[in-house]
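Here is a walk through one structure.

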Amino acid sequence: MSAAETQPLLKTEGLEVHFPVRAGFFGRRRSTIKAVDGVDLTLALGETLGLVGESGSGKTTTGRAIMRLNPPTGGQVIFDGRAVQDIPEREFRKFRRKFQIVFQDPYSSLDPRMTVRSIIAEPMVVAGIGDRASRQARVNELLDLVGLESSHGDRYPHALSGGQRQRIGIARALALNPQLLILDEPVSSLDVSLQAQIVNLLKDIQQELGLAYLFISHDLSVVRQMCDRVAIIYLGRIVETGPLAEIFDSPSHPYTQALLSAVPIENPNERGKSNRIVLRGDAASPSNPPSGCHFHPRCFRAEEICSKESPALRHLGSTDHSAACHFAGPKTVLPRA
Amino acid sequence: MTVVTNRLTRVAGRLDDPLLEVENLSVVFVGLDASLPAVTGVAFGLYPGETLGVVGESGSGKSVSMMSMLGLTPGEVTSGQVMFDGKDLLKMSAQERRKIRGGPIAMVFQDPMSSLNPVQRVGHQLAETLKLHSPQLDKKARKERVVELLRIVGVADPEQRVKQYPHQFSGGMRQRVMIAMAIANSPRVLIADEPTTALDVTIQAQVLDVLRKAKDETDAAVILITHDLGVIAEMADRVMVMYAGRVVEAGSVTELFDSPRHPYTKGLLGSALRVSERVERLNSIPGNPPNIARLPSGCPFHPRCAVSKGRERCATETPELLDIGGRWTACHFHDELRGAQA
């Protein structure tokens, strides 16, 4: 299913989240951190969009802005045809059931003093759904859906492993039958042997319930296994977006190319064979981003124009693959190492 | 054929002696009502110039075993010996060990922010290591060496950077400082504990390069502790796989990746998420890593094992680490994996 054919479930248009910062004596010096700076995303039911970036790129803030956990300072979030920021607070509480979030850290996101059963039931209690008995039935259903036994329901989070806790986080997010799950690095803190389990579980759930996933991650290998489409974010701006296979097999933006080439090899026999682009320096701070294209100081293709003009996201060829680079093209060649 | 004096610490075919020889190392965490086995019977040799990768999931004992050699864990060492330079590190006094740490054996930790002192200038902290372990250097020589060290690890403009504080460095730069500090006294063994886990992937590639360079510069043998098989594939010459506090398999990096002889290694390699290719249904190891407070009987991996299939021997008898021709595995049925592809 592609987003173009169906009415998108979620759409962001020029989404901005700017944080004011006060510094200096009595906070007189003011500046702004542009954590999210004009992000356009679309996401359809049954689809998984990967939002990929490094720390400080604004990927988590984008997810939180969609949920109104951080109010957007500009742009729009349109969910199911409605502009989310225009919904009054009272009504929004009800509206929010349609989209839920799963956090990265399964240790700090579960209340240690609640049993698993009450953690999963809590969203239903807050929303005033059902009576005790029907809620319990729903909890059992959810435990089963995420691959836990109903005996796990009577335990406390500390008695469970990281993988089991993340399953609880997922069950809780599903309790109110959302249409969209925002998954913020859901497997990053898990051991290798458990990551595959959770990826399989998330795929099964999506197939069964037809949900849309916004999958926020820095880990390209998880994104490759999970997503249908990908958006690469750098210092608050989308630099490249397109179908999964296009992004991974023919990346057009130099940052995407560098990101992919930095992934460690999979077998020691490949040593010395990969064409690695080692980027200069670190990502700049979003409080003081470089002029023009934010990526230009680290870019291996940068020319004079890059420090002056910020490139717009433009289509490449006929697909919905686009990149924000003055020199992006379908035939961008990787530099020789 | 040479006479192999110790089948667990000597690599067949290597005529030189290991730099570090660890035998039967066991560590327990003593609690109020129980002693938990964190590390059980770990043995390995580290040869000059090699990079030994130690891979395992959280709680597998990979960090605890390496740190307890240096007296850096709260656990209690209940058995074993760690021979370095003809001396047993475990029998040394705390004072003697302090001379070894940061000198001939140096460490790089995962989290560079909490390993640097936030209120001291970076240059001062680097000079401090030199002061402790290289007393022959005078103040001026130390200053020069500090700048040189930062240059080796790729910190731009080192003359200015020495005057800055850790918070003025990014995560990747801080990790470079940690590596500079570790190689300051030309160590013979460098233990790097998840040195790139906290870093972004583009920065990880940079730091791994720096680590390679630092190794070449000092000719140190490296113990690289990580959970990331990609980092192992990039860096290690030999690999030791740990599970539930034990070494379950060890061998050369190509042997392990191409034909694992322990079901856990095979499962781990099979469940690694790949960036090169999309797989519709991922292989995974069922179940969860064991809690050391409730270790399964027999082979600690048997409840999750695809080879055991409920065989009684796996549940009753703990397999020993056996030499199977220049490599080691701790599995009763390792023969069934002969020729197996990951």
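How many bridges join strand β7 to strand β8 of chain A, and do they run parallel or antiparallel? Strands β7 (residues 180–184) and β8 (residues 212–217) of chain A run parallel and are joined by 5 bridges. A:Leu181 has A:Tyr213 in β8(A) as its bridge partner. Strands here are DSSP runs of E, at least two residues, and helices are runs of H or I, at least four residues, numbered from the N terminus.

This is a predicted model: local features need pLDDT of at least 70, side-chain atom pairs count only at pLDDT 80 or more, and totals for chains, interfaces and linings use all residues. Residues are numbered from 1 along each chain as its sequence is written, while chains are lettered from A and ligands numbered from 1 in the order in which they are written.

Now the whole sheet. In chain A, 8 strands form an open sheet in the order β6-β7-β8-β3-β9-β10-β12-β11, with mixed pairing. Two strands pair if DSSP finds at least two bridges between them. The edge strands, β6 (99–102) and β11 (314–315) of chain A, each pair on one side only.

Next, the contact between chains. Two residues are in contact if their C-beta atoms, placed from the backbone, lie within 7 Å. By that rule, 34 residues of chain A are in contact with 39 residues of chain B. On the chain A side, α5 (162–174), α6 (192–209), α7 (220–226) and α9 (254–262) each give two or more residues. The largest share, 8 residues, comes from α6(A).

Finally, B:Val247. Leaving aside neighbours within four places in sequence, B:Val247 is in contact with residues including B:Phe44, B:Met240 and B:Leu321.
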